Amino acid sequence: MHIHGYLWVGPKAHFDDEGLRRPPHPEPPPPPAGTEDKDGQRLIERYRQVVAEFPLTGIPPIQTAHWLIKQPNLIRGTWQDPKEAEQWLGCQLAVYAPRFASEQDRDGARLAACRAFAVETLGRGGDVSFGYFLTRPTFLSLALVVCSPNRAAPELSCPIK
């Protein structure tokens, strides 16, 4: 078992585009019924867009384990030990906490609790994901994903070959 770390900061509007946060369905939609089938054509185009963009975009997936489907260049670090992953998480929280929109989220005790939760959860083989609104309409996503195998999605292989 090892753990991959992921970080994304971007406009909240991009985070809210759930279509790009879901992997494409394994089966494409049926072809349009004809040139007049505008809905069928839009559906095929949207499917093609998701197939092309989901693995490449750093926008966080809805299901944390689906980070493993994305390109390996999105991985910010890999660790064997949950404490090492927690240290990376702690560094990211320290960097971004001054920009958290919520004063409550900046609280040191709360951040320490997030770190403790991460170590405990990773130690049991679970993934962790945290999201914070930053000043301006910006969103921060931090995820630590257990790999080889992932408990939530054991069929997913490690993105690093």
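**Exercise 1. Find out which residues Lys-70 is in contact with, leaving aside its neighbours within four places in sequence, and what its charge is doing.**

*Solution.* Keep in mind that this is a predicted model.

Step 1: Leave out the neighbours within four places, and you get Phe-54, Pro-55, Thr-57, Ile-59, Pro-61 and Pro-159 as the contacts of Lys-70.

Step 2: Now place Lys-70 in the fold. You'll find it in the loop between helix 2 (38–53) and strand 2.

Step 3: Look for a charged partner. Lys-70 is buried but has no salt bridge. Glu-53, the nearest side chain of opposite charge, is 9.1 Å away, and a salt bridge needs the nitrogen and oxygen within 4 Å.

Step 4: Check the backbone too. A polar atom of the Lys-70 side chain lies 3.2 Å from the backbone oxygen of Ile-59.

**Exercise 2. Work out which parts of the chain the salt bridge between Arg-46 and Asp-17 ties together.**

*Solution.* Step 1: Start with the distance. The two side chains meet at 3.4 Å, N to O.

Step 2: Locate both ends. Arg-46 sits in helix 2 and Asp-17 in the loop between helix 1 (12–15) and helix 2, so the pair links parts that are 29 residues apart in sequence.

Step 3: Check how accessible they are. Arg-46 has a relative accessible area of 31% and Asp-17 has 29%. Buried would mean under 20%, so Arg-46 counts as partly exposed, and Asp-17 does too.

**Exercise 3. Describe helix 3: its span, its cap and what its buried residues pack against.**

*Solution.* Step 1: Helix 3 covers residues 82–96, which makes 15 residues. From first C-alpha to last it reaches 21 Å, close to the expected 21 Å.

Step 2: Go to the N-terminal end. Asp-81 caps it, with a side-chain oxygen 2.5 Å from the backbone nitrogen of Lys-83.

Step 3: Pick out the buried residues; among them are Pro-82, Trp-88, Leu-89 and Tyr-96. The buried residues of helix 3 pack against strands 1, 2, 3 and 4 as well as helix 4 (108–123).

**Exercise 4. Explain what Glu-86 and Arg-115 tie together.**

*Solution.* Step 1: Their side chains form a salt bridge, 2.5 Å from N to O. Glu-86 belongs to helix 3 and Arg-115 to helix 4, so the pair joins parts 29 residues apart in sequence.

Step 2: Compare the two ends. Glu-86 is buried at 6% relative accessible area, whereas Arg-115 is partly exposed at 28%.

Step 3: Widen the view. Lys-83 joins Glu-86 and Arg-115 in a network of salt bridges, and the whole structure has nine salt bridges.

Notes. Residues are numbered from 1 along each chain as its sequence is written. This is a predicted model: local features need pLDDT of at least 70, side-chain atom pairs count only at pLDDT 80 or more; totals for chains, interfaces and linings use all residues. Side-chain values use heavy atoms; hydrogens and water are left out. Helices (H or I, at least four residues) and strands (E, at least two) are DSSP runs, numbered from the N terminus. The expected span of a helix is 1.5 Å times one less than its number of residues. Buried means under 20% relative accessible area, exposed over 50%, partly exposed in between (1.4 Å probe, protein chains only). Contact means heavy atoms within 4.5 Å. A polar contact is a pair of N or O atoms within 3.5 Å; within protein, one must be able to donate a hydrogen and the other to accept it, and residues adjacent in sequence count only if both atoms are side-chain atoms. Lys and Arg count as positive and Asp and Glu as negative; His and the chain ends are not counted.
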